[in-house]
Amino acid sequence: MNKEFQMNVEDFISKEQRYLVNTYSRLPVVFSRGRGSRLWDVEGKEYLDFLGGLGVANIGHCHPAVVKVVQEQMENLVHVSNLYYTIPQIELAEMLVEISFGDKCFFCNSGAEANEGALKLARKYGKENFGGSKYEVITAFRSFHGRTLKTLAATGQPDKQKPFEPLPPGFKHVPLNDLDALKDCLTENTCAVMLEPIQGEGGVYECEVDYIKGVRELCNQENLLLILDEVQTGMGRTGKMFAYEHYDIEPDVMTLAKGLGGGLPIGAFITREEVARVFKPGDHGSTFGGGPVATSAAMAALKVLKKEGLIDNCANLGSYFKQELEKLKEKRPIIKEVRGKGLMIGVEFHRDLPGRPAFQTGREGIAQDIVLKFFHRGVIANNIGDNIVRFLPPLCIMREEIETVLGIFDEILDELER
């Protein structure tokens, strides 16, 4: 235990409130160390991380392979402008092209930037190939594509948009898994459809197989680009390297971030040659995007995913986790539904049960209460709104750790039902 930190936890929180813009609802903990699927706070308390930095820590915290290449790269070259070539950027692009549908990569710093670049690419592709009126992009309700103004406009959550209106024009939203609604929304101005294969921030809702295949076919018929936002689902999170592989289709553009960098900030979009060529020098860029340190870390993380069999571990333990949560649902009627693929799982709760009041939380909702109770028992999870708990553990998670969390979950629900 670090005694210096132990004496100052409340001071750190007080300083945060004094000096940082109030944009996060933080839990009262100051983390100082992470390894694999574990985190430790400044008081030395250990936590099981079933959120993985919102899906960033795919290969676990501070993986030695990533730490090693970052240290080495920091000693050699940290940054040069994208006006010059660097070897890690080129080699990472080659690796991503080899494992995906695409031919070309663009690197940036985050998922929002990746989506912003994909949207610009779609507009230019539409205008250059089919005329100047092609600018509209259709996305789904409950989707989440980022917090920049344009990606916020793409996001299908009115409550997140309203405080920042007016938003950039050019976006329409339709119900997920309703192909007829999508068809009805098409106009001569439509240039692309943008979907998350599994909506993460929106509540862990999956695209149905027939739906996404139908969207692919519709895009082919109508000369539209299909953009898949795999910022959260990519890099093995769903039990395959990319979630589109579950659907036996390929997108025209795919965006990545979160799990790509082994913990370092990096985003990317990948696309086909025919689409990529509409971008010319000066059309798009990113000062820090694809820097040597972040791309070296991403290459190391990708090698770890393959070498340590983490995607297979994700598929196997994800199935086990979901199956056990389904059993818990049978035992605890307050659980409405268990959703997701691999280690991207959402548990939705009924807001009420017939003949019996719902859990008396006294606060904002059942899900937040459960997340707080997990936190006090040393487990990090996340609530989406009032009634959905989300799990995004590192892909290196072990069966015993899942069993521990399942046991704690059952105890929490039992406590709340009393």
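Is Thr271 buried or exposed? In this predicted model, in which local features need pLDDT of at least 70, side-chain atom pairs count only at pLDDT 80 or more, and totals for chains, interfaces and linings use all residues, Thr271 has a relative accessibility of 1% and therefore counts as buried (buried means under 20% relative accessible area, exposed over 50%, partly exposed in between, with a 1.4 Å probe and protein chains only). Residues are numbered from 1 along each chain as its sequence is written, and side-chain values use heavy atoms, with hydrogens and water left out.

Thr271 lies in strand S12 (strands, E, of at least two residues and helices, H or I, of at least four are DSSP runs numbered from the N terminus). A polar atom of the Thr271 side chain is placed 2.7 Å from the backbone oxygen of Asp252. When neighbours within four places in sequence are set aside, the contacts of Thr271 (heavy atoms within 4.5 Å) are Phe101, Gly102, Asp103, Lys104, Leu121, Asp252, Val253 and Ala276.

Ile370, leaving aside its neighbours within four places in sequence, is in contact with Phe349, Val389, Phe409, Ile412, Leu413 and Leu416.

Aromatic pairs (rings of Phe, Tyr and Trp, the last by its six-membered ring, with centres within 6.5 Å; planes under 30 degrees apart count as stacked, over 60 as edge-to-face and the rest as tilted) number 14. The Phe50 and Phe321 rings, with centres 5.8 Å apart and planes at 85 degrees, are therefore edge-to-face; this pair links distant parts of the chain, 271 residues apart, with Phe50 in the loop between strand S3 (46-49) and helix H3 (52-55) and Phe321 in helix H13 (residues 310-331). Both Phe50 and Phe321 are buried. The rings of Phe106 and Phe269 are stacked, because their centres lie 5.3 Å apart and their planes are at 20 degrees, and they join strand S4 (residues 104-108) to strand S12 (residues 267-271) across 163 residues. Phe106 counts as buried at 19% relative accessibility, and Phe269 is buried with a relative accessible area of 4%. One aromatic cluster is formed by Phe50, Phe321, Phe349, Phe374, Phe391 and Phe409.

Conventions
A polar contact is a pair of N or O atoms within 3.5 Å; within protein, one must be able to donate a hydrogen and the other to accept it, and residues adjacent in sequence count only if both atoms are side-chain atoms.
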